[in-house]
Amino acid sequence: MCVLSSLFGCKGVDLMSLFALAGSLEQGLAFGIMALGVYLTFRVLDFPDLTVDGSFPLGGAIAATMIFSGYNPVLATLVALLAGFIAGGVTGLLNTKLKISGLLAGILTMTALYSVNLRIMGRPNIPLLRRDTLITMLEHAGLPRAFVALIAFLALTIILKLLLDWFLSTEIGLALRATGDNEAMIRSLGVDTDAMKLLGLCLSNGLVALSGALIAQYQGFADVGMGVGMIVTGLASVIIGTVLLAPRSIGAATLGAILGSVVYRFAVFFALRAGFAPTDLKIVTAGLVVVALAAPTLRSRANTRVAVRSLLNGGGSGNGNAGNQGTVQGIQSGHQERQGCPE
Amino acid sequence: MNAIAGTFPVDMGIIKIDGRDVTRLPEYARAALVGRVFQDPLQGTAASMTIEENLAMAFKRGVRRGLGRGVTAIQRKSFKSYLEVLGLGLESRLGDPVRLLSGGERQALTLLMATVAKPKLLLLDEHTASLDPRTAEQILALTDRIVRHYNLTALMVTHNLRYSLAMGTRTIMMHEGEIILDVANPARARMSVEDLLDQFARVRGERLADDRILLEL
């Protein structure tokens, strides 16, 4: 507790906040599965997939409805995953077969899913009080009550991360990565790139819906609005992971996405403690993603400006150096601001 | 080139490669038959992926891909011997992402990737046009070596008249979508760049004359 309080610079961390902090960790891991899905489309396939905002509540809706009706939670979670897989497939087909732009294809599926989710649930909200969920099942199986969600989510998230790492190193995985990197090239090597995009979108949304199913069981309800802004949260996680780890391998990048998700939940926790209204979190998240995405552009512009100025000053070595130092400091402080922003 | 590779569909006529009608085959389905090197060195490789991953994908040209390991230890060994042929020291940089390579190095790697699976036809689409003269010469020499070594059929497009006679065994000159010259060895061996220019000037002169008549100038 002392370590935690000194680490995060908060005075008087009481037992309640420690529980809340542990809760943030659990949520971060469960949302981390969603971040893995976003990583797969956004980074690997280079496909901005907005289906996520619909497939996340889809997973929650299916899991909650099935559990509420008395189905086995394991089965409910697996069906949720499958449904997400299909939702991703719909976006993929819209994009590859009907040539609708990726962004719009995702928006269309997401919008359609809103109706689908309401149909599945029959009402906007389903509580899971006193129902058997994955988490209560594990409690019955003898896992210590305080750690059951932590252990379950940690294990599942790591297993899925390793599976994704493995998949991306297989022959198909290489073809999928190349589809996001240089589509013309991998097509000329005999890969049906449409099939690769379809597969990537299916897998990604399967992960996202699984994450939605877990979150619904964790928080004890599913809500039709639980997916709003989910893609931005996922992007924020992936970006935080990139900043923290500067990943050079797939394994590091997927770890970064999960770590980013956990850090994001901690950031939310501290933002709420600092007095942010929960309703303001989305704008803070969106701002964070804007800053992170704009950073490379702003940085190169600042560098150009300094270079031009030192040239105009007659290339005096003293001036040039001072200017450069200024930029370096500017970048460094910008960097710190960016990392510090969510906190 | 795009018609042969299947990048865009043809309006009329048929395309046969090694006796097989491929006119209706999509680009990815022709991959086993056709290897291609583009003008832009960035086009032939996946920048974020490593040299060995790029080569592994090239080895799977036109073959069904499964869930086997993308790059195996045995492959890695053979990649080294292939890369040694290039003489660029790439064999010791298997794990480097391709984005770190120079334009010439990337084009050499692309050439290797287009040929390792021994396609029936190698398409070279002005593949040295965006390289500096020295690197261009190196890539051309390498092209010649690889084509001879694997005994490949290659079709090279170039605007460089010297290359058009120095490389290969047959020269076809095109102007406004039509073949205006088609010479093969041994007649071709005696031709010079000046002969080509003469031929071109003559055909173009006739064309201009035709146009004048048409327009009644």
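## Helix α5 of chain B

Helix α5 of chain B covers residues 133-150, which is 18 residues, and spans 26 Å from its first C-alpha to its last, close to the 26 Å expected at 1.5 Å a residue. The model described here is predicted. Four residues of α5(B) are buried: Ile139(B), Leu140(B), Thr143(B) and Ile146(B). Seen down the axis of α5(B), these buried residues fall within an arc of 130°, so they line one face of the helix. On the other side of α5(B), the exposed residues are Arg134(B), Ala141(B), Arg148(B) and His149(B).

What covers the buried residues of α5(B)? The cover includes three elements of chain B: α4 (103-115), β4 (121-125) and α6 (161-166). After α5(B) comes Asn151(B), which has a positive phi, near 55°.

Strand β3 of chain B, residues 34-37, runs parallel to β4(B), and 4 bridges join the two. Within this pairing, Val34(B) has Leu121(B) of β4(B) as its bridge partner, and Val37(B) has Leu124(B). β4(B) also pairs with strand β5 of chain B, residues 153-157, in the parallel sense over 5 bridges. In β5(B), Thr153(B) is the bridge partner of Leu121(B).

Are the faces of β3(B) covered or open? Both are covered. Val34(B) and Arg36(B) are buried on one side, while Gly35(B) and Val37(B) are buried on the other.

## Ile4 of chain B

Ile4(B) belongs to helix α1 of chain B, which covers residues 2-5. Is Ile4(B) buried or partly exposed? A residue needs 20 or more other C-beta atoms within 10 Å to be buried, and counts as exposed with 12 or fewer. Ile4(B) has 17 other C-beta atoms within 10 Å, so Ile4(B) is partly exposed.

Leaving aside neighbours within four places in sequence, Ile4(B) is in contact with Ile15(B), Val34(B) and Leu123(B). Ile4(B) and Thr23(B) are 19 residues apart in sequence, and their C-alpha atoms are 8.2 Å apart in space.

## Chain B as a whole

Chain B has 7 helices and 7 strands. Along the sequence they follow the pattern α-β-β-β-α-α-α-β-α-β-α-β-β-α. The C-alpha atoms of chain B fill a box of roughly 70 × 40 × 30 Å, taken along the principal axes.

Of the 217 residues in chain B, 27% are buried. Among contacts in chain B between residues at least 6 apart in sequence, 63% join residues at least 24 apart.

## Chain A and Thr91

The secondary structure of chain A consists of 14 helices and 2 strands. Chain A has 343 residues, and 44% of them are buried. Of the contacts in chain A with a separation of 6 or more, 76% are between residues 24 or more positions apart.

Thr91(A) is located in helix α4 of chain A, residues 73-96. Why does Thr91(A) count as buried? The cut-off for a buried residue is 20 or more other C-beta atoms within 10 Å. Thr91(A) counts as buried because it has 34 C-beta neighbours inside 10 Å. Not counting residues up to four places away in sequence, Thr91(A) touches Asp49(A), Thr51(A), Ala105(A), Gly106(A), Thr109(A) and Leu201(A). Between Thr91(A) and Arg299(A) there is a separation of 208 residues in sequence and 35 Å in space, C-alpha to C-alpha.

## Where the chains touch

The contact between the chains takes 20 residues from chain A and 26 residues from chain B. On the side of chain A that touches chain B, the elements giving two or more residues are α8 (171-181) and α9 (183-188) of chain A. The largest share of that side, 8 residues, comes from α8(A). By type, the residues on this side of chain A divide into 9 nonpolar, 6 polar and 5 charged.

Methods:
Residues are numbered from 1 along each chain as its sequence is written. Chains are lettered from A and ligands numbered from 1 in the order in which they are written. This is a predicted model: local features need pLDDT of at least 70, side-chain atom pairs count only at pLDDT 80 or more; totals for chains, interfaces and linings use all residues. The expected span of a helix is 1.5 Å times one less than its number of residues. The arc is that of the directions from the helix axis to the C-beta atoms. Two residues are in contact if their C-beta atoms, placed from the backbone, lie within 7 Å. Ala, Val, Leu, Ile, Met, Phe, Trp, Tyr, Cys and Pro count as nonpolar, Asp, Glu, Lys and Arg as charged, and the others, Gly among them, as polar. Two strands pair if DSSP finds at least two bridges between them.
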